[in-house]
Amino acid sequence: MFYENNENSFFSFTAPNPSGDTAEAIDAELDESVDENESDGSVTINVNGKYIHCLTIIGQIEGHYTLPNTTKTTKYEHIIPRIVAIEENKDVSGLLLVLNTIGGDIEAGLAIAELISGMTKPTVSIVLGGGHSIGIPLAVSAKKSFIVPSASMTVHPVRMNGLVLGVPQTMSYLKKMEERVVGFIVRNSKIKSDRFRQLMLNSDELISDFGTVLLGEDAVNEGLIDAVGSLSDALNSLYDMAKEDELSDENS
């Protein structure tokens, strides 16, 4: 929902000539794509006359199976239709993706990431807290990615929960799943495939597991994330991208 700048709001953003009515109308239209009884934490804001939709992905990404009520989740059946609605809404100039996730369902996360990477509108992501596991493809899916200095990203091999059969077919399935994840990350970031696999199979950092924890600067140095920055940096970048798109459309 959209919350105006007043004493009762928990979210505010000051911009010249903000139009609360327009932002509320945009949110009302986008809300039609999700269950009205569920809140996905999204909000439309006015940034210097451009309407930007902020979409949050927090907790664990829920896939085909419902997680316990005690687990904070992001449900892919809510996020996917909203992304489609944002892409098709002519009043929305760009998407800001805010991430603080421990990961979750691989196929659900990849589905969301593929949708975002295929958007024609400007997209910017920012990692706050953590962008672990399948959160990495989500972070790199945007056209420009940021991470705050205190955030971290955990790179580790693909895992399976529940009963796992120790047969060659299982290993083949895990290898193909890993190729899907690594392939997407390599296509949408500056890191090389061999280096990413080295980080995945690092045995010197995590207890009883393989993988690597990258802090903000480390993630940028490895080529996963474009820049270390704050919320204002992400919003300014998104505004500049939206302005460039507008000028390009006018020229064409």
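Modeller: An axis here is a line fitted to C-alpha atoms, for helices over the stretch in contact, and angles run from 0 to 180 degrees between N-to-C directions. Helices (H or I, at least four residues) and strands (E, at least two) are DSSP runs, numbered from the N terminus. The model is a predicted one, in which local features need pLDDT of at least 70 and side-chain atom pairs count only at pLDDT 80 or more, while totals for chains, interfaces and linings use all residues. Residues are numbered from 1 along each chain as its sequence is written, and side-chain values use heavy atoms, with hydrogens and water left out.

The axes of helix H2 (residues 76–88) and helix H3 (residues 106–117) come within 10 Å of each other and cross at roughly 10°. That crossing makes H2 roughly parallel to H3, a label for angles under 35 degrees, whereas those over 145 count as roughly antiparallel, 65 to 115 as roughly perpendicular and the rest as oblique. On the H2 side the contact (heavy atoms within 4.5 Å) is made by Tyr76, Ile79, Ile80 and Ile83, and on the H3 side by Ala108, Ala111, Ile112, Leu115 and Ile116. By class, these residues divide into nine nonpolar, no polar and no charged, where Ala, Val, Leu, Ile, Met, Phe, Trp, Tyr, Cys and Pro count as nonpolar, Asp, Glu, Lys and Arg as charged, and the others, Gly among them, as polar.

Ile116, which lies in helix H3, is buried, with a relative accessible area of 1%; buried means under 20% relative accessible area, exposed over 50% and partly exposed in between, for a 1.4 Å probe and protein chains only. The C-alpha atom of Ile116 is separated by 7.2 Å from that of Ile83, although the two residues are 33 residues apart along the chain. If neighbours within four places in sequence are set aside, Ile116 is in contact with Ile83, Leu97, Thr123, Ser141 and Ala142.

For comparison, helix H5 (residues 168–188) and helix H6 (residues 193–200) pack with their axes 10 Å apart at an angle of about 125°, and H5 and H6 are therefore oblique to each other. In that pair, Glu178, Glu179, Val182, Ile185 and Val186 of H5 meet Ser193, Phe196, Arg197 and Met200 of H6, a contact that has five nonpolar, one polar and three charged residues.
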